[in-house]
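Dear colleague,

Here is the structure I said I would pass on. My notes follow below it.

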Amino acid sequence: MGSLQRVVVVYGATGTQGRAVALSLLKSRQNFTVRALTRNPESENAQELAKLGAEVVKADGFNDDSMKAALTGAWGFWLNTHHHDPSVTTPGGPTDEDLGRRLVTIAAQAGVKVFIYSTCESPDKFTNGKAPVPGMDAKHRVELFAREFKEFDSVIGAFPGWYFENLITPIYAQSFGGFPLYPDAEGFLTFTSPLVGGEGKVQTVSIADDFGEMVHGMFLNPEKWKNQTIQCLSEAFTYEDMVKTFTEGKLCNIPSICLTFETLQNMLIIYIVTGKKARYVPMASYMDFPTHDNTVLIELRDVFRYTQHNNGQFFGNADNVITCQHLKDEARRDKGLPQEPVISMRDYLINHYGNKV
């Protein structure tokens, strides 16, 4: 890239996705300037980004003037809008699609060249109208809308799988039966959900470990990924395998005289164990999933319906972890860090719930 400075605007930089993207780009050895947008520059996350070298800017997606100012002089723009925010779910008010289209238009008018959007494929398209998911379908339409602008040199869709972070979030644990945080009346950490269809594998990504680096990799070579919707995936696994891995038996202390290389390898595997009872209990129908009139849970119910109609393929097509690994490798190379594989479900559980032996 030479010495040319390239400003990358990160929308919602203190949110889960935006923060991961900003943190990775801030370690780049390219001449990127990270302009981190937030409604609250005084927040702890915003101040952390500022200390790491980000240009923290107060901006609101619903204020056109602030967005025009924030995007002026930018080369790249990362956009993820929260389609369950009350600002876009009020009846009669603007929708998430309205917001996305307006921000796309402002970015094009401001001269942005590389636009990367947190998107989805269209469940309506993949199921021939049998199982639409309104929020996902709307994001797909915004991505296609962005591709119409000739001002952009490259438009890329980044489509994240289910978040690994859901496994450490109390509200999600409560929504899925308590696993892995709250035992049920029988003492089990129970995960209960509708079936996902196909082989029953759930396409999952760690936003903190992998997603930010995958998007970073897209910014490094935007022409290569132009007009593509990129799967962002760490690992696909069944819920049965997840609870089995979580509850595997615990290893006792071993005298140091017995610590052969083979024993050390086994210890690394057993380290993940909690010794707690866990189980997966599938629901008979996606309609059995409790939504409590919550828009997030209503969408999750619709996603289960969609994957059941699409052979379990959340991304619409077969999984492509090869591209995910390539993007992560490129980002880590740019940051001068050693290569590492995208995180596995086993390693994620080790990091957050593993017991040392």
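**Notes on the model**

E235 is partly exposed, with a relative accessible area of 27%. Please keep in mind that this is a predicted model.

E235 belongs to strand β11, which covers residues 235-238. Its C-alpha atom is 6.7 Å from that of M345, although 110 residues separate E235 and M345 along the chain. A polar atom of the E235 side chain also lies 2.5 Å from the backbone nitrogen of M345. Beyond its sequence neighbours within four places, E235 is in contact with V202, Q203 and T204, and also with I343, S344, M345 and R346.

T119 sits in the loop between β5 (114-118) and α5 (123-126). With 1% relative accessibility, T119 counts as buried. What does the side chain of T119 make a polar contact with? The partner is the side chain of E143, at 3.0 Å. Leaving out residues up to four places away in sequence, T119 touches K139, H140, E143, G157, A158, F159, P160 and T229.

On the cysteines: how many disulfides does the structure hold? The count is 0. For C120, the closest cysteine sulfur is that of C232, and at 11 Å it is too far for a bond. C120 is buried, at 11% relative accessible area. C324 is in no disulfide either; its nearest cysteine sulfur, again that of C232, is 5.9 Å away. C324 has 0% relative accessibility and counts as buried.

There is 1 cavity of 30 Å³ or more in the structure. The volume of the largest cavity is about 190 Å³. Its lining is made up of 16 residues, and those nearest the centre are Y163, N166, L167, F191 and Y239. Which elements each supply at least two residues of this lining? They are the strands β7 (162-163) and β9 (201-205), together with the helices α7 (170-175) and α9 (239-247). By residue class, the lining has 14 nonpolar residues, 2 polar ones and no charged ones.

A few backbone details are left.

- The peptide bond that joins F179 and P180 is cis, with omega at about 0°. P180 is placed in the loop between α7 and β8 (189-194).
- N128 is not a glycine, yet it has a positive phi of about 55°. N128 lies in the loop between α5 and α6 (134-147), and it is exposed, with a relative accessible area of 70%.
- H292 is not a glycine, yet it has a positive phi of about 50°. H292 is found in the loop between β12 (278-283) and α11 (295-309), and it is exposed, at 68% relative accessible area.

If you go through the model yourself, the points to look at are the E235 side chain and the M345 backbone nitrogen, 2.5 Å apart, the contact of T119 with E143, the lining of the largest cavity and the cis bond between F179 and P180.

Regards

Definitions and conventions. Residues are numbered from 1 along each chain as its sequence is written. This is a predicted model: local features need pLDDT of at least 70, side-chain atom pairs count only at pLDDT 80 or more; totals for chains, interfaces and linings use all residues. Side-chain values use heavy atoms; hydrogens and water are left out. A disulfide is a pair of cysteine sulfur atoms within 2.5 Å. Buried means under 20% relative accessible area, exposed over 50%, partly exposed in between (1.4 Å probe, protein chains only). Helices (H or I, at least four residues) and strands (E, at least two) are DSSP runs, numbered from the N terminus. A polar contact is a pair of N or O atoms within 3.5 Å; within protein, one must be able to donate a hydrogen and the other to accept it, and residues adjacent in sequence count only if both atoms are side-chain atoms. Contact means heavy atoms within 4.5 Å. On a 1 Å grid over the protein atoms alone, a cavity is a set of points where a 1.4 Å probe fits but cannot get out, and a pocket is an open set with protein on both sides within 12 Å along at least five of seven lines; lining residues have an atom within 4 Å of a point. Grid points are joined across faces, edges and corners, and a volume is the space filled by probe spheres set on the points. Ala, Val, Leu, Ile, Met, Phe, Trp, Tyr, Cys and Pro count as nonpolar, Asp, Glu, Lys and Arg as charged, and the others, Gly among them, as polar.
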